[in-house]
Amino acid sequence: MKTICLYFEIHQITHLKRYRFFDIGTDHYYYDDYENDNSISYIRDHSYMPALNAIEQMIQENGNYFKVAFSLSGVGMEQLELHAPEVLRKLQDLSKTGCVEFLAEPYSHGLASLITPDGFANEVRRQAEKIKEYFGQEPKVLRNSSLIYSDDIGSQASQMGFKGMLTEGAKHVLGWKSPHYLYSCAQAHKLKLLLRDVELSDDISLRFNDSNWDQYPLFADTYINKIASLPKEEEIINIFMELTALGIAQPLESNILEFLKALPACAKAKGITFSTPSELCQKVKVVDVLSVPDTLSWVDEERDVSCWLGNAMQREAFEKLYSVAERVHICNDPRINQDWDYLQASNNFRFMTTKPSNVGLDRGIYNGPFDAFTNYMNILGDFINRVNSLYPEDIDNEELNSLLTTITNQDKEIETKDLEITRLQAKIDKLEAEAAKLRERLTGSKKTVEKKSATKKASSKKATPQEENLAD
């Protein structure tokens, strides 16, 4: 039986402001608050809320039959907290239906998985904690930024305890294989891989409103018929896209939401179900190992990381940013940490790309890739100066590594002692409860003995002759 795994990504760009060379050392605030508020308000009204309301209606009308998955970057959630908290409240309402699964992803929506495994693990852990805080779910499936994946990343995801991971069903990786099966990581066979169906996903997210497309206009029954016509043994249809595809990439006036809402009824008529990623990882058997020695993503025709690291400017910015990764981790300053998250976001490097793309790129305040590079490097220069003021450059990496190891060991020791304290406190509470019960039993026994003694004395007491005469 065929099943559709429908997943939406929610990430919000934190826009940087115009930052001049002469601002370095004098201005430590890097963000365009007006543009951040303006852009997220527009997306909220034209995409997030209409789309989430439509999905809520689909769940109400179809019950447990319709299911969907989301992931939210940590920095995106912070922007929603500030400018559009109603989006988070709506997602909480959807979570309570039991038909929605939330996935893990890097907090910053950055590229840490390509250069710093420890930083990547820390980001995923923080984002998973935020998901649990808001939605009460512990993510079991990981989705890396822009579906970035390789064998090494998959191995780390497995070590982190994830059961599955989403990635791109790229033709240069699959070869003759189909994305409509469940695969396993080449270096960690326990990790199951769900591969995005590129054509079916892009039919909705990229081509739906394109009047020059040979399948325009696309109707829900036509789309489901396309899925139903796939070979019988190809049962898993992974449709992954950004939530902004509904309302921004494909405007509301294109009837994209009416198309979406019609999918469950059309699918049910063809005997096609809906599943969450965790359900597929739990129920479906792996058919083969998928080897991905080189990093892939869901961006551009190459499906690699060249849109972020394809030219010298991008690589210079990337290497300079992560040159202070250890120092940032050691200093553990709240303001530094927040800036670190925002500066890691992949869109900062995407704005510097010189690659042609069939998908339009909005560079925001930037006139071109060099302008984006210059502005980012000015901000990065100030940021690195702030980090170095806490841990000077004359401290070499060996000293930093030694200090980091000491801090890590101390953290582990503190964690162990905290666990021991918790265990001992529980033991004390148990002993105190037992002592209270024993005291209660002893008190009860003493009262019983006193009562019996008083009764015995009363019954054994004889009346005197004077008392008998009085009684007469």
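This is a predicted model: local features need pLDDT of at least 70, side-chain atom pairs count only at pLDDT 80 or more; totals for chains, interfaces and linings use all residues.

Colleague: What is the peptide bond from Tyr 216 to Pro 217 like, cis or trans?

Modeller: That bond is cis, with omega near -5°.

Colleague: What makes the phi of Ser 146 stand out?

Modeller: Ser 146 has a positive phi of about 55°, and it is not a glycine. Most residues other than glycine have a negative phi. Leu 147 also has a positive phi, near 60°, and is likewise a residue other than glycine.

Colleague: Where is Ser 146, and why is it called buried?

Modeller: Ser 146 is in the loop between β4 (141–143) and α5 (151–159). Its relative accessible area is 6%, and buried means under 20%, so Ser 146 gets that label. Leu 147 lies in the loop between β4 and α5 too, and at 0% relative accessibility Leu 147 also counts as buried.

Colleague: How do you know that Thr 353 is buried?

Modeller: By the cut-off of 20%: Thr 353 has 1% relative accessibility, so it counts as buried. You'll find Thr 353 in the loop between α15 (347–350) and α16 (369–390). Leaving out residues up to four places away in sequence, Thr 353 touches Cys 307, Asn 311, Gln 314, Leu 361, Arg 363 and Pro 369.

Colleague: On to the rings. How many aromatic pairs does a search of the whole structure find?

Modeller: The search finds 21. Take Tyr 65 and Phe 274: their ring centres are 5.6 Å apart and their planes are at 85°. Centres within 6.5 Å make a pair, and planes over 60 degrees apart count as edge-to-face, so this pair is edge-to-face.

Colleague: What parts does that pair tie together?

Modeller: Tyr 65 is in the loop between α1 (33–62) and β2 (68–72), and Phe 274 is in strand β11 (residues 273–274), so the pair ties together parts 209 residues apart in sequence. Both Tyr 65 and Phe 274 are buried. The charged end of Lys 268 also sits over the ring of Tyr 65, 4.6 Å from its centre.

Colleague: Why is the pair of Phe 318 and Tyr 322 called tilted?

Modeller: Their centres are 5.0 Å apart and their planes are at 55°. Stacked needs under 30 degrees and edge-to-face over 60, so this pair is tilted. Phe 318 and Tyr 322 are four residues apart in helix α12 (residues 312–322), or about one helical turn.

Colleague: Last one: what makes α2 roughly perpendicular to α3?

Modeller: Helix α2 (residues 74–83) and helix α3 (residues 85–95) pack at about 115°, with their axes 6 Å apart. Angles of 65 to 115 degrees count as roughly perpendicular, so α2 gets that description relative to α3. Met 77, Leu 80, Glu 81 and His 83 in α2 meet Pro 85, Val 87 and Leu 88 in α3. The contact residues divide into five nonpolar, one polar and one charged.

Conventions
Residues are numbered from 1 along each chain as its sequence is written. Side-chain values use heavy atoms; hydrogens and water are left out. Rings of Phe, Tyr and Trp (its six-membered ring) pair if their centres lie within 6.5 Å; planes under 30 degrees apart count as stacked, over 60 as edge-to-face and the rest as tilted. Helices (H or I, at least four residues) and strands (E, at least two) are DSSP runs, numbered from the N terminus. Buried means under 20% relative accessible area, exposed over 50%, partly exposed in between (1.4 Å probe, protein chains only). A charge sits over a ring if NZ of Lys or CZ of Arg is within 6 Å of the ring centre and within 35 degrees of the ring normal. Axes are lines fitted to C-alpha atoms, for helices over the stretch in contact, and angles run from 0 to 180 degrees between N-to-C directions. Angles under 35 degrees count as roughly parallel, over 145 as roughly antiparallel, 65 to 115 as roughly perpendicular and the rest as oblique. Contact means heavy atoms within 4.5 Å. Ala, Val, Leu, Ile, Met, Phe, Trp, Tyr, Cys and Pro count as nonpolar, Asp, Glu, Lys and Arg as charged, and the others, Gly among them, as polar.
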